[in-house]
Amino acid sequence: MEFALWTPLVGPLVLAVLSLALGSSPARRFLGLASSVVVLASGVLLVTAVMNDQVPTAGGGMLRADALSAYMLTVVGAVGLISTWGGLKTAADSRGQSAGIFEALISLFLAAMSLAVLADSIGLMWAAIEATTITTAFLVGHHRTRSSLEAAWKYVILGSVGVAIALLGIVLIYAASRETETPTLSWLLLSQADLPLDPALITAGGALAVLGFATKSGLAPMHSWLPDAHSQAPAPVSGLMSGVLLAVALYAILRIQTITNLVIGPDFLRTMLSIGGLLSLAIAASLLIRQVDYKRMLAYSSIEHMGLMALGVAIGPAALPAVLLYMLGHGLIKATLFVISGRILHIEGTPVIANVRALLARRPGLAVPWLVAMAALVGFPPFSIFFSEVGIIMAGWAEGMGLVVMIALFLLLVIFAGLTRLTMGMVLGSPAPVAEVASATGSIPSGSTQSITTIRTGSGDETLLVRDFSTHGPILPIILALAVTASVAFIAHPIGDLLERAVAVLGGTN
Amino acid sequence: MFDSVYAQLVGLCTGALLLTSALMVWRHTLLASIRLLSAQGLSLAALVAVIGVQENEVELLFVALLIIATKGVGLPWVLAHETEAGARAIKEAPRLNPTASLLIVTILTILSYIVMSQLIGLGTSVTSHAAPIGLAMVLIGFLLLISRRRARSQLIGFLLLDNGIATVAFLTSGGVPILLEFAVSLDVLLVVVILYVFAGRMRNKFGGTDVDQLRELHD
């Protein structure tokens with residue numbers, strides 16, 4: 001099964017080269033999608049290996065797939081599949097050189113993410129996460145407008161400085177392992193209980209590493225790059241960043257936490273992550289109430305969900321299965337929502353919530369999936385986000401973090417109200433009179449006018465809008481993502497078993 | 001024989017590192033900062049070579065060569081490329097005046113000595129005695145990032161930060177594994193190239209590289 005460790009790295013690399021080499025072939029637009037499929041297939045293969053009690057390793061122990069790594073690789077592949085499939089370019093859009101670079105960068109991004117979750121060395125994991133900053137920088141600035149340039153600059157500066165802090169932390173952890181016979185950065189060796197690691201260095205190193213990766217996972221107060229980058233990037237990229245990048249940065253925190261827990265106990269990082277998590281929830285709540293831009297709304301919702309996940313990590317092993325399930329559910333739903341938001345933006349020509357009205361009456365083809373996915377996002381059952389949130393809150397209560405959980409619950413209610421109001425504002429309402437529609441469509445530059453057809457009925461001034469049932473892109477990935485999130489929480493085998501094994505890895509028992 | 005000069009050589013190299021960092025805060029022209037950055041890269045390489053000779057590790061000598069190639073020559077060349085004439089003219093209008101910023105540098109250096117002595121205890125070994133310099137460089141890099149307005153001066157702050165991390169790595173643990181060293185160097189090089197490209201685009205779009213102009217996106 002060792003080859004499945006190499007395919008998610010080599011496959012996307014080859015596809016990236018191919019998308020640069022293919023010129024303006026129409027097949028080129030499928031290459032990002034192909035990379036996701038390769039990563040997902042490798043993830044599923046590794047999961048089956050792990051369920052058969054194997055731990056595949058390769059590259060002299062540099063690559064290793066325990067249950068957690070295999071699960072994370074599957075998450076990366078699944079979210080990647082939804083984002084790239086849902087955001088598939090039309091044949092007309094995929095001409096030109098920039099489209100080739102776009103597909104190549106998507107593939108490289110997926111390869112870097114795969115390396116980050118498969119690397120056994122925390123140093124290599126760091127390098128892979130930093131490489132994602134490099135690949136996504138140009139993707140964020142892809143539109144080359146003033147604001148996307150601003151978002152890209154902030155993202156690269158804040159992202160790389162944050163990750164540089166994490167490197168300082170990793171260097172200190174390495175220094176702590178100098179006392180042992182063989183200094184190492186291998187996560188497997190560092191998480192053995194009997195290693196004489198220096199507590200002061202591990203404390204400082206762990207704190208800095210978690211701080212750095214928290215920047216990358218969008219936790220407050222280092223979150224300011226996230227809404228800008230997510231709102232300016234093309235839709236599939238926003239989906240990938242929100243669903244994959246943030247989750248993998250949190251995965252890095254999980255790995256670091258295991259090392260520090262063994263040496264200094266859980267209290268120190270628990271305090272740090274609780275503060276970060278609550279602060280993220282508070283910031284998301286305060287900025288969601290009066291949000292005017294629906295892509296920024298989704299970005300702040302990512303900060304909210306990452307905050308809650310960080311609380312779950314702070315709570316510890318009891319909440320971890322919920323956190324891991326959360327990563328999958330949130331990634332799939334957020335990728336879906338970003339994909340639909342990209343279509344709405346393309347058709348309506350405006351990112352402003354107040355200008356998108358009566359979507360259900362005018363475009364049910366987009367409004368219905370948008371509504372269902374938003375319901376999943378704010379935590380309605382049977383979608384898995386609901387079960388993850390309940391799981392984290394129950395675990396926190398049982399662990400004696402009642403106050404923290406109560407504050408989180410209150411903030412979640414505020415966010416729920418805010419998101420519901422914004423979504424209703426977009427979806428409900430009666431369609432505008434024809435004069436307004438005409439003036440509104442007149443201001444939209446790119447050929448979106450033909451999709452709104454107004455018919456004058458014979459006699460009076462009464463007008464009808466033809467309902468637009470088109471989904472403006474592939475609907476299958478959206479249905480797939482919603483179906484998976486709706487059912488995944490009920491599957492005890494193999495999902496439940498896999499999550500338990502992954503948590504056992506973090507407990508140091510595997 | 002070498003043991004007797006070893007402590008002095010380490011002191012000399014780390015002294016040069018701290019001095020170049022402080023001078024970067026003090027000087028305001030871009031070209032001067034780039035030259036200081038180059039000098040700092042060479043000092044770092046010398047430090048690594050000295051540690052390598054002392055510990056009899058050939059690997060560290062290769063790392064020293066790598067550092068000369070990237071931090072000493074490569075990065076400064078990328079930064080100074082095509083703007084040799086322009087860089088002379090580019091003057092930074094920082095948020096802090098030189099006296100105040102030099103005072104802050106002093107405070108940061110003292111602070112890093114206090115923190116590091118708490119962390120690893122300023123033991124008898126030569127390198128751990130010098131380790132606070134690395135942390136001071138990281139903090140000074142932060143200062144540059146916060147207090148500078150021009151896009152490319154911020155970049156220099158980022159590189160100073162990175163040099164500081166490398167210094168901490170070499171002084172506390174004799175460097176990270178060589179594969180990681182390669183990956184880190186490559187990552188930093190690419191980040192710098194990307195930021196450089198963005199700075200160029202910014203100049204085209206905004207007519208300048210003042211990051212204070214980046215005020216369109218907010219809530």
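At roughly what angle do the axes of helix 12 of chain A and helix 17 of chain A cross?

**View 1. The crossing of helix 12 and helix 17 in chain A.** In this predicted model, the axis of helix 12 (residues 294-315) of chain A comes within 12 Å of the axis of helix 17 (residues 402-427) of chain A, and the two cross at roughly 160°. Angles over 145 degrees count as roughly antiparallel, and helix 12 and helix 17 of chain A are therefore roughly antiparallel to each other. The crossing of these two helices of chain A is left-handed.

**View 2. The residues that meet between helix 12 and helix 17 of chain A.** Helix 12 of chain A contributes Y294(A), M297(A), S301(A), E304(A), L308(A) and L311(A), which meet V404(A), A408(A), I415(A), L419(A), L422(A) and M426(A) of helix 17 of chain A.

**View 3. An annotated stretch of chain A, residues 120-410.** An unreviewed UniProt entry lists these residues of chain A as "domain: NADH:quinone oxidoreductase/Mrp antiporter transmembrane".

**View 4. Confidence in the elements of chain B.** Chain B has an average pLDDT of 83, with 92% of its residues scoring at least 70. Among the elements of chain B, the highest mean pLDDT (90) belongs to helix 2 (residues 30-55), whereas the lowest (55) belongs to helix 4 (residues 84-89). For the model, the scores are ipTM 0.90 and pTM 0.91.

Notes:
Residues numbered from 1 in each chain as written. Chains lettered and ligands numbered in written order. Predicted model: local features only at pLDDT ≥ 70, side-chain atom pairs only at ≥ 80, totals over all residues. Axes fitted to C-alpha atoms, helices over the stretch in contact; angles between N-to-C directions. Helix = DSSP H or I, 4+ residues; strand = E, 2+ residues; numbered from the N terminus. Parallel < 35°, antiparallel > 145°, perpendicular 65-115°, else oblique. Left-handed = near helix turned anticlockwise from the far one by under 90°. Contact = placed C-beta atoms within 7 Å. pLDDT = per-residue confidence, 0-100. UniProt positions renumbered as here; feature names shortened; annotations may be inferred.
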